[in-house]
Amino acid sequence: MGDLKQYGLVRAQERLRDQVGHALRAALIAGELRPGQVYSAPGLASDLGVSATPVREAMLDLAREGLVEPVRNKGFRITEVGERDLDQYTELRTLIEVPTVGRITRTAAWERLEELRPVAQEIVARAREHDLIGYLEADRRFHLALLGLSGNERLVETVGDLRKRSRLYGLTGLDEAGLLVSSAEEHVELLDLMIAGDARGAEACMRRHLGHVRSLWAEGRDGPADA
């Protein structure tokens, strides 16, 4: 399974449960924890160098997010996401986010949009620095903050849940191939279009971006399996 301790270096002031959750998410992203595989809390605890209790607590948090599922008397299975699931998640996000971006472009003050530029630039910087956790965290903050300008909290919650359920596996291979940078740069392009008031262009950019993300997921899914 590999040495998971490398994913456990986090700030001391964080709760141990949060530290473990952070480490497990990092292992998922890097492909150390494989879809369909069952992992025991004691086994993961040994790899992380902690007791089993915070691992169980963290895995229950991940289960609520749909990332893992409990297996009685065995541990937790990493949830598998099929091609059909991914297509449906992408379709739902497209139906929600594309028109919402157009509406925000027409109604939001450019100052509010400009406030998101540092986050858009951070996404690009994290991709170039090969910081996968930082990349996904900045990407999450950007998309949800942008949708938050719609004023619809339930919409933001729904997209947040869809993002969790369609998370990426094996981003390490994509990062090494340099495929994440082009996707990251689309956030800056989207923001520029919205600030310019080009609602139609912004909708097209968002639709293309979501399709790009879907393609990247497929490439990342295939890559590790062929290694």
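## Overall make-up

Counting up the secondary structure of the protein chain gives 11 helices and 3 strands. Bear in mind that this is a predicted model. Walking along the sequence, the elements come in the pattern α-β-α-α-β-β-α-α-α-α-α-α-α-α.

The protein chain has 227 residues, and buried ones make up 44% of them. As for how the chain folds back on itself, take the contacts between residues at least 6 apart in sequence: 72% of these join residues at least 24 apart.

Average pLDDT for the protein chain is 85, and 85% of the residues score at least 70. Two stretches deserve a caution. Over residues 9–13 pLDDT stays under 50, and the model has 4 contacts beyond four places in sequence for them. Residues 222–227 also stay under 50, with 3 contacts beyond four places in sequence. Where pLDDT is low, the predicted coordinates should not be read in detail.

## The sheet

The 3 strands make an open sheet, ordered β1-β3-β2, with antiparallel pairing. The edges are taken by β1 (38–39) and β2 (68–71); each has a single partner strand, so one side of each is left without a neighbour in the sheet. Strands of a sheet pair through backbone hydrogen bonds, either parallel or antiparallel.

Now for β2 and its partner β3 (residues 75–78): the two run antiparallel and are joined by 4 bridges. Helix α3 (residues 52–64) packs on the sheet and touches both β2 and β3, its direction making about 120 degrees with that of β2. Looking at individual pairs across the strands, Pro70 sits opposite Phe76 in β3, and Val71 is opposite Gly75 in β3. The hairpin of β2 and β3 has 3 residues between the strands, and in this hairpin Asn73 takes a positive phi near 60 degrees.

## Helices α7 and α8

Helix α7 (residues 132–148) packs against helix α8 (residues 153–165) at an angle of about 155 degrees, and their axes are 9 Å apart. That angle is why α7 counts as roughly antiparallel to α8. The handedness of the α7 and α8 crossing is right-handed.

Which residues meet at this packing? On the α7 side they are Leu136, Asp139, Arg140, His143, Leu144, Leu147 and Gly148, and they meet Leu155, Val156, Val159, Gly160 and Arg163 in α8.

## Arg93, a buried arginine

Arg93 is part of helix α4 (residues 83–107). Is Arg93 buried or exposed? Its relative accessibility is 9%, so Arg93 counts as buried.

Setting aside neighbours within four places in sequence, the contacts of Arg93 are Val98, His143, Val159, Leu162, Arg163 and Leu210. Some of those names have come up already: His143 in α7, along with Val159 and Arg163 in α8, also takes part where those two helices meet.

Helix α11 (residues 199–226) holds Val213. With a relative accessibility of 25%, Val213 counts as partly exposed. Leu180 lies 33 residues away from Val213 along the chain, and the C-alpha atoms of the two are separated by 9.2 Å.

Notes:
Residues numbered from 1 in each chain as written. Predicted model: local features only at pLDDT ≥ 70, side-chain atom pairs only at ≥ 80, totals over all residues. Heavy atoms only, no water. Pairing = 2+ DSSP bridges. Contact = heavy atoms within 4.5 Å. Axes fitted to C-alpha atoms, helices over the stretch in contact; angles between N-to-C directions. pLDDT = per-residue confidence, 0-100. Buried < 20%, exposed > 50% of the residue type's maximum accessible area, 1.4 Å probe, protein only. Parallel < 35°, antiparallel > 145°, perpendicular 65-115°, else oblique. Left-handed = near helix turned anticlockwise from the far one by under 90°.
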